[in-house]
Amino acid sequence: MANFRPVWAEIDLGALKRNYQRLQKFTDSEIMPVVKADAYGHGAVEVVGVLRKLGVKRFGVAFLEEALELRKHYRDISIMVIGPTLPEYSEILVQEEIIPEIFQVEQAEALSQAAIKLQKTARLHVKIDTGMGRIGFKDNALEDIQRIARLPGIFVEGIYTHLATADSKDLTYAFEQLRIFDDLYQKLKTKSINIPLRHAANSAAILQLPTSHYELCRPGIVLYGLLPMEHFGQEAGFEPVMSLKAKIAHLKTIYPGESVSYGRTFIAEQPTRVATLPIGYADGLRRSLSNRGDVLIKGQRAPIIGKICMDQTMVDVSKIEGVKVGDEVTLLGRDGSEVITADELAEHCDTISYEIFCGFSKRVPRIYKDS
Ligand SMILES: *Cc1c(COP(=O)(O)O)cnc(C)c1O
């Protein structure tokens, strides 16, 4: 699609590379970057393209469509689906050599049948629910995994779990989850089931919980330059990879009593210079930033005034000298010494940085640069 509208997300692939290298300092285990949800909105095909060149061989996505999109571009990487895949799609998994997570015996049986039919071996990882309370083998894990390991055409390459509180200061619950995981792994061993890859660590756990690293780690958010917690990791220097930019579409002055946008939630008390930006909540600029968030123009903060509309947003530029139509505006990212982080936006919206990134819609073109 042509980009006639001056709104875009800048993706700094250099920052992504440096974040990967920073992360490597925290672990000797293999790293499987998580590129689900189009690499948290950064563009999975491009992100994988860069990390592959740094030697990454394995990537995680959330569902089969995402895996197939990557497979279309890259034949030489391992792709794992960390999320449920319906048994009826087992042949696609086997054919395209995509590694599913398995948490029901029926899924493994379907995969086994597909493998036999296609005369291939299907790799799978079993998921254990040690306390996340989402998906995974739980009460009958030992028996279920033994059954799976005996199925023909199956290679149980991995066993993994997910931690509910890896980003907390208090890691008691995380340690308890790891204890349950280790206990099961040892029991499997005594039954002669040796699974080569164990994994449990997301970004937070890679940073602050080394005992969770095992053979493989699954970082997402830190690769994109945001920390999953406030109390740890600042000094590692992870850099945000994404910025969101637009150009001013219109400028005017409004006078006392005049209002801005739906519902007249902003009414001028003094002459106010108003810039209109051609971006709105349909782009993922959250409506809860109305009368709350700021943008950056000429390295200075300009407050968002009135309700954010679907496609347009107004800001007060009265305090900034020399603003012109066409000037660049930073809605996320750095301009001079000022910066608006995804964490700042998330705080205004009562959410986490993850949801801010995933929320930038397909309408916003991603522009890649390598710094
Ligand atoms: C999303 C996800 C990750 C990555 O989490 P971050 O906090 O972004 O590092 C790791 N493992 C699983 C199972 C996930 O769903």
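The paragraphs below lead through this predicted model, from its open sheet to a strand, a helix and finally the ligand. Residues are numbered from 1 along each chain as its sequence is written, and side-chain values use heavy atoms, with hydrogens and water left out. Because the model is predicted, local features need pLDDT of at least 70 and side-chain atom pairs count only at pLDDT 80 or more, while totals for chains, interfaces and linings use all residues.

Strands of a sheet pair through backbone hydrogen bonds, either parallel or antiparallel. Here, eight strands form an open sheet in the order 2-9-8-7-6-5-4-3, with parallel pairing; strands are DSSP runs of E with at least two residues, helices are runs of H or I with at least four, both numbered from the N terminus, and two strands pair if DSSP finds at least two bridges between them. At the edges stand strand 2 (30-31) and strand 3 (58-61), each of which pairs on one side only. Strand 3 runs parallel to strand 4 (residues 78-81) and is joined to it by four bridges, with Val81 in strand 4 as the bridge partner of Val61.

Strand 1 (residues 7-12) is largely enclosed by the rest of the structure, because six of its six residues are buried, where buried means under 20% relative accessible area with a 1.4 Å probe and protein chains only. Val7, Ala9 and Ile11 point one way from strand 1, whereas Trp8, Glu10 and Asp12 point the other way. Five bridges join strand 1 to the antiparallel strand 10 (residues 242-247), in which Ser243 stands opposite Glu10. With strand 20 (residues 366-369), strand 1 pairs in the parallel sense over four bridges, and Ile11 has Tyr368 as its bridge partner there.

In helix 7 (residues 141-150), the buried residues include Ala141, Leu142, Asp144 and Ile148. Among the elements that cover them, by contact of heavy atoms within 4.5 Å, are strand 5 (98-102), helix 6 (105-118) and helix 8 (172-190).

The ligand is surrounded by 13 residues, each with a heavy atom within 4 Å of it, and the closest are Lys36, Tyr40, Ser203, Ile221 and Tyr354. An N or O atom in the side chain of Lys36 is 2.7 Å from a ligand oxygen atom, a polar side-chain atom of Arg218 lies 2.8 Å from a ligand nitrogen atom, and a polar backbone atom of Gly220 is 2.8 Å from a ligand oxygen atom. Taken alone the ligand exposes 390 Å², of which the protein buries 93%, with areas from the Shrake-Rupley method and a 1.4 Å probe.

Note on methods:
A polar contact is a pair of N or O atoms within 3.5 Å; within protein, one must be able to donate a hydrogen and the other to accept it, and residues adjacent in sequence count only if both atoms are side-chain atoms. Buried means under 20% relative accessible area, exposed over 50%, partly exposed in between (1.4 Å probe, protein chains only).
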